[in-house]
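The structure comes first, then the notes by topic.

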Amino acid sequence: QVQLVESGGGLVQPGGSLRLSCAASGFTFDDYAIGWFRHTPGKEREAVSCISSGNHSTYYLDSVKGRFTISRDNAINTMYLQMNSLKPEDTAVYYCAATRWGCTVWGNWRAIDYWGKGTLVTVSS
């Protein structure tokens with residue numbers, strides 16, 4: 001069965017760092033683009049970052065460029081999001097996601113094949 005399990009969320013002060021992990025199982029990890037969405041109540045779901053299945057090209061939401069870094073380790077079916085210089089507006093539930101359609105459709109959450117349950121990131125002093 002397909003599983004995407006997030007970890008690493010928590011409470012951090014502004015300017016701090018956090019690393020999210022997503023452990024995948026039940027599908028051919030290497031064939032999927034994987035990444036992160038985030039959602040805060042009252043706001044639209046945002047596509048935060050994506051890393052492709054082939055050449056591992058990356059996508060970042062403009063507001064996180066230069067602060068977040070996405071990576072994947074296909075040997076252990078795990079994807080990471082390193083988040084530095086965190087801001088209060090980064091507070092959200094972060095969801096791991098996978099799609100066979102590639103990062104070019106990443107902004108369309110309806111194209112996602114598999115979702116994790118989410119992990120809460122709170123940035124506050």
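Phe27, Phe29, Tyr32 and Tyr114 make up one aromatic cluster. The model is predicted: local features need pLDDT of at least 70 and side-chain atom pairs count only at pLDDT 80 or more, while totals for chains, interfaces and linings use all residues. Residues are numbered from 1 along each chain as its sequence is written, and side-chain values use heavy atoms, leaving out hydrogens and water.

**Aromatic pairs**
- Rings of Phe, Tyr and Trp (its six-membered ring) pair if their centres lie within 6.5 Å; planes under 30 degrees apart count as stacked, over 60 as edge-to-face and the rest as tilted.
- By this rule there are 7 aromatic pairs.
- Phe27 and Phe29 are a tilted pair, because their ring centres are 6.4 Å apart and their planes are at 50°.
- Phe37 and Trp106 also form a tilted pair, with centres 5.1 Å apart and planes at 35°.
- Phe37 lies in strand E4 (residues 33–39) and Trp106 in the loop between strand E9 (92–99) and strand E10 (114–115), so this pair ties together parts 69 residues apart in sequence.
- Strands (E, at least two residues) are DSSP runs, numbered from the N terminus.

**Burial**
- Buried means under 20% relative accessible area, exposed over 50%, and partly exposed in between (1.4 Å probe, protein chains only).
- Phe27 is buried at 13%, and Phe29 is buried at 3%.
- Phe37 and Trp106 are both buried.

**Charges over rings**
- A charge sits over a ring if NZ of Lys or CZ of Arg is within 6 Å of the ring centre and within 35 degrees of the ring normal.
- Arg72 lies over the face of Phe29, 4.6 Å from the ring centre.
- The charged end of Arg45 sits over the Trp109 ring, 4.4 Å from its centre.

Technical notes:
Helices (H or I, at least four residues) and strands (E, at least two) are DSSP runs, numbered from the N terminus.
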